[in-house]
Amino acid sequence: MSKPRNRLLHLAMPWLVVAGLVTFWHASVIFFQIPTFVLPSPAAVFSAFQEYRPIILHHAGFTLMNTLTGFALGVMLGVTLGIAIGTLPLAYSGLYPVLVGFNSVPKVALVPIIVLWLGIGQPTAIATAFILCFFPIAVNVATGLATVEPEVEDVLRSLGASKIDILRKIGLPRSLPYFFASLKIAITLAFVGTVIAETIASNEGIGYLIIQASSQFRVPLMFAGVFVIAAMGVCTYVVFALLERKLTGWAMRGK
Amino acid sequence: MNDFVKLDAVDLRYGGDGGVQALRGADISIAKGEFAAVVGPSGCGKSSLMKLVTGLMPTNGGRITVAGTEVKGPLKIVGMAFQNPTLLPWRRLLKNVMLPLEIVQPHRSRLSRHRAEYVEKARDLLDRVGLKGFENSYPWELSGGMQQRANLCRALIHEPELLMLDEPFGALDYFTREELWGVLQEIWLEKKFTTILVTHDLREAAFLADVIHVMSARPGRIIATHRVDFPRPRTLETTFEPAFVDIVHAIRSQIAQTRSEAKAA
């Protein structure tokens, strides 16, 4: 039994996989003599990142800002809708089909409309991130609330608990794990939304940077942009995963 | 008669007019401080009875009164425990047991200022059911029997006037079950809250109850009422006495009969 070593290996695994992929990528580029404008080597991407670092970081900051703002709005609407749908049968019948319909619309199709209303730049990016990310939150919170065991509810009702009591004592704590699971999905969707909007209608942000780099055939810079988005996505995901473990450790039964 | 709980020709149907008739003309009277058990074949509407008496479900006919007033909505004085312990997994045991205090008046408004006193009470109760030292455990860290003990504490912490138990020991092993009979009897002898126990286990009913009501197969009604007069506190030795065995035997044949009648019909 070598549990500590096993744990260490588990922690190292993602890095090992990344290192393996990068090595394979680098070797392939050299071996097949792939031109830089088709697929730059990792070294070329890294040097592009070094060269344009201030510009990339500026655009990354813009993208991150928009994503988090849109995400925060999405969380507010998502939680409100989720509580309404999960607790009020009328809201469920009325809103749920509408939401499902709305969610099946490809959001890219909405960006031109949003541009029409909000113009080019930050508001459009925020709105797109918001529209993309509230749905999973609403659905998950509603699911958490709707699947409260009826027996637990009976115990509380026979004590004279009001609907609000039941929501506060049982519904909300119970839906917390569902909520956090949805946050991890929603934050990545928010990034997707921001970057889509930036590629279509923005003069700033990583999405804009990639489009610009593409039009100038600066392929290593495009890849650098993609990696920065990935890094931001992973970082925010980790933040929520840590929060989740801290606040809903009970749902993982101490594992 | 000074009945604390009274059912008068109660009907219950599930699913509208063409639905299943769960109860038809059920009559039960339970005196204040009495320990009543309700037994019957499975599917006879025993659990529905619990929901009706506590006002969680409306009747389709007849009248239910508790403490002199007709039941129209959920009562506020009830402690309940089901076969499934239904403890909240995000609360430690002590906080689980104290949950009713956060709901029921006057404890609700007193809780924050008199927390120490209530914590003391919850600890005492956990101690009585043999859970001393587990106050800070999460329910899922405990065995089913231990969870059920805590569930009993939660049903009793606010000193309800009416305790409703629906197969509370049904999922437990034989020995734990018998041990908890003793624990429940001990607490009941001390506080004398009116109790309605729904169970499949006839020995359990005879061990704990003052009166056993036997229900027919669906649509359920009361077909017999047995007084159980063994002196208290009863012990497991009591369950081997001929008189005890006779009662269990008599109820058993009544249930067997109503089952075969239902099958024949």
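Which residues of helix α7 (residues 150-157) of chain A are buried? I found A:V152, A:D154, A:V155, A:L156 and A:R157. Buried here means 20 or more other C-beta atoms within 10 Å of the residue's own, with C-beta atoms placed from the backbone. Helices are DSSP runs of H or I with at least four residues, strands are runs of E with at least two, and both are numbered from the N terminus.

Before going on, I noted that this is a predicted model: local features need pLDDT of at least 70, side-chain atom pairs count only at pLDDT 80 or more, and totals for chains, interfaces and linings use all residues. Residues are numbered from 1 along each chain as its sequence is written, and chains are lettered from A in the order in which they are written.

Next I looked up what the buried residues of α7(A) pack against: α8 (163-200) of chain A together with β6 (78-81) of chain B.

Then I turned to the contact of the chains. It takes 17 residues from chain A and 20 residues from chain B, where contact means C-beta atoms, placed from the backbone, within 7 Å. On the side of chain A that touches chain B, α7(A) gives the most, with six residues.

My last stop was chain B. Strand β1 (residues 3-14) and strand β2 (residues 20-31) of chain B pair in the antiparallel sense over eight bridges; pairing requires at least two DSSP bridges. B:Y14 has B:V20 in β2(B) as its bridge partner. Five residues lie between the strands of this hairpin, and B:G15 takes a positive phi near 70 degrees.

Conventions. Buried ≥ 20, exposed ≤ 12 C-beta atoms within 10 Å, placed from the backbone. Contact = placed C-beta atoms within 7 Å.
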